[in-house]
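Here are my notes on this one, as numbered points. Have the structure open while you read.

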Amino acid sequence: MNEAAAPAPTDWRRYLPESVRPYSEPEAIAAFFVGVSSGFPYAMIGATLTTRLAQDGIDKKSVTAFSLAFLVYNLKFLWAWIVDGVRIPVLGRLGQRVSWLLLSGVFVIAAVANLAFVDPSASLLYTAYAAVLVGVAGATFDIVIDAYRIELLKPRQLGVGAGMSQYGWRIGSVAAGALALVLAARIGWEMAYLACAMFALPAMITGLIAGEPKRHREPVQRRGLGEAFRAIYGPFTEFFMRKGALLVLLFILLHKIGDTLANLTLRLLLDDMGYTNDEIAIYDVGIGFWAYLIGIFLGGIMYSRLGMKRSVLISLILMGVSNLSFALLAAAGHSNLGLAATITFENIASGIGGVTVIAYFSALCDLRFTASQYALISAAASIVGRFLTGTTAGAMVESFGYVNFYLVTTAIALPGIILFWLMSRAGLIDASIGTAGTVGEGDARKDEPQEGT
């Protein structure tokens, strides 16, 4: 165990295996439940809405255009400062984070209910507005949930907390999507969406039970127009004034490009290699789901045992190698065993990487501006990859062929790995860590093992 190890429990948790105990702590359990609520709005405007539109006879071109509603999630940093700096009347007595958790939860429920009652066949434009509204509400809910999770967890819990949050996100999105389909077939889409809106409640109830995070830091009171503008740009200037901040931002922008390119084209590869829908369902969906959950668990253990810097570096290498496994699959041809091995390795690597990298990004935040800074970081982490995959992935496959394409994505992963290693060697990783990674039990900057362990 490293310096950030949890103290030995004195309650029922002492009977659990040591590797499982961190997942049973109240803060980690809270991270799971807020993650459940975070995942469901995404499902409501994703595959669920696509199915609904298709069943209503909407043409494919119009259906795929609704994916633009997801762009709102990449713009959430533009209004995240409001969550940090604006106190809600009356509800504000519960605390800044809890009050916003309740308000944004109600906003999500209202937006999903609005989408429930639109008629796509009568007005496709109004349906698009309703979908974007769910995107705005879901992105706002995400801003609050991320800030609440980071501030509720102690530095030593950031890895396990990120894992529990991802467990919740995956379960919430899958459960909401499945429930919508089952209910729609029996009682209609309107009631299906209304039932799914209740997935906002786990986060809201968790906020009321767990209360305001002790690590939350109120920003300085601002009065006047000039101070109001500083409330908007202050969180970003604070981040960029840190030593090595520009290199950290460059890493955030670059680290996931290769992985995103590879994963976007996987289904195209499987289709061209002649895999049946049943084979894809068994290996990519079935095995992939469980492998990803295993990866999340392993990522939490790695973060707590190896520390932040070593666990992130290992996960980056694993994600890069997983792209190479796609190239090997493409070269080998149709092979169920090869597909199973590739999907297992890729999803375990992605699960580990998701936990360790999210924990690192969480540690970068200043506790006075958690919502603003994490919204900027999470948006930056996905925007370049999404842009490149949407504009170049298909053309690259056609030009290079699958084997060379996946070799290129492996090479694209190298700059992020090398940059993180160089920053770690130069001390820039430690220098860039915010108070979210240092205030409380444990310290995200300390990777050295304790004496005698």
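1. Start with Glu279, which is buried, with a relative accessible area of 15%. That value counts as buried because the cut-off is under 20%. Keep in mind that this is a predicted model.

2. Where does Glu279 sit? Its place is in helix H15, which runs over residues 277–306.

3. Now for what the side chain of Glu279 does. Another polar contact joins the side chain of Glu279 to that of Asn336, at 3.4 Å.

4. Which residues touch Glu279 if you leave aside its neighbours within four places in sequence? They are Gly274, Asp284, His334 and Asn336.

5. On to a helix pair. H1 (residues 26–44) packs with H6 (residues 96–116) at an angle of about 20 degrees, and their axes are 11 Å apart. Angles under 35 degrees count as roughly parallel, and H1 and H6 are therefore roughly parallel to each other. Their crossing is left-handed.

6. Which residues make that contact? From H1 come Phe40, Pro41 and Met44, while H6 supplies Val108, Val112 and Leu115. Sorted by class, the contact of H1 with H6 has six nonpolar residues, with no polar and no charged ones.

Methods
Residues numbered from 1 in each chain as written. Predicted model: local features only at pLDDT ≥ 70, side-chain atom pairs only at ≥ 80, totals over all residues. Heavy atoms only, no water. Axes fitted to C-alpha atoms, helices over the stretch in contact; angles between N-to-C directions. Helix = DSSP H or I, 4+ residues; strand = E, 2+ residues; numbered from the N terminus. Parallel < 35°, antiparallel > 145°, perpendicular 65-115°, else oblique. Left-handed = near helix turned anticlockwise from the far one by under 90°. Contact = heavy atoms within 4.5 Å. Nonpolar A, V, L, I, M, F, W, Y, C, P; charged D, E, K, R; others polar. Buried < 20%, exposed > 50% of the residue type's maximum accessible area, 1.4 Å probe, protein only. Polar contact = N/O pair within 3.5 Å; in protein donor to acceptor, adjacent residues only side chain to side chain.
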